[in-house]
Amino acid sequence: TEFRDPYLHVQHIFKYAATLTRPIGVTPQGAESTPLMWWLNKKAFDYFSLDVSIGDIKLQEIAFRGEMNAYFLALAPLALLHSVREARKGNRLALLILCLFVSNYGAILLTWLKTRRICYIYYMLPSMGALACAVGQAVWTLPRWVSAALVLLTLYSFASLFPFRVH
């Protein structure tokens, strides 16, 4: 290694990370995206896909995609608003959900807003646990038939996004 000690290595990491920015007005390149695009599921991309041809028929056997569940994303902002309301009533789980979400997503959003830091969709992953709790808590308060419909839609989208295809 070119680094004589771990401190020089960490110093290099921070210097390099500071250069990972995109000027204002330049659109994200390749798999890059912005924290605001994540809510719209923009810039979905293939991590890996494998197509198999059998005669004239071409089938996609494996498709690992960088995208999020659309139904989940549609519910998440409403669930966060529900968590705000519940936290004001003293619900400690709702307060924890908000703290986890703000600390994970907020840090990335602020860094992007301040320095135009290059971001990728998987930076949203640490926030997903808080969002899942928020959605679960919000869905619990809905009429049973609405909750069942949302669960079925989520299962459907899970099956359609599953990377291993069965034909």
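A salt bridge is taken here as a side-chain nitrogen of Lys or Arg within 4 Å of a carboxyl oxygen of Asp or Glu. In this predicted model, local features need pLDDT of at least 70 and side-chain atom pairs count only at pLDDT 80 or more, whereas totals for chains, interfaces and linings use all residues. Residues are numbered from 1 along each chain as its sequence is written, and side-chain values use heavy atoms, with hydrogens and water left out.

The structure holds 3 salt bridges. In one of them, Glu 32 pairs with Arg 22, with 2.4 Å between the closest N and O atoms.

Helix H3 (residues 70–88) packs against helix H5 (residues 125–140) at an angle of about 75°, their axes lying 8 Å apart; helices are DSSP runs of H or I with at least four residues, and strands are runs of E with at least two, numbered from the N terminus. Axes are lines fitted to C-alpha atoms, for helices over the stretch in contact, and angles run from 0 to 180 degrees between N-to-C directions. H3 and H5 are therefore roughly perpendicular to each other, a class that covers 65 to 115 degrees.

Strand S2 (residues 45–54) gives the most to a nonpolar patch, with 3 residues, and Leu 50 lies in this strand.

Technical notes: Angles under 35 degrees count as roughly parallel, over 145 as roughly antiparallel, 65 to 115 as roughly perpendicular and the rest as oblique.
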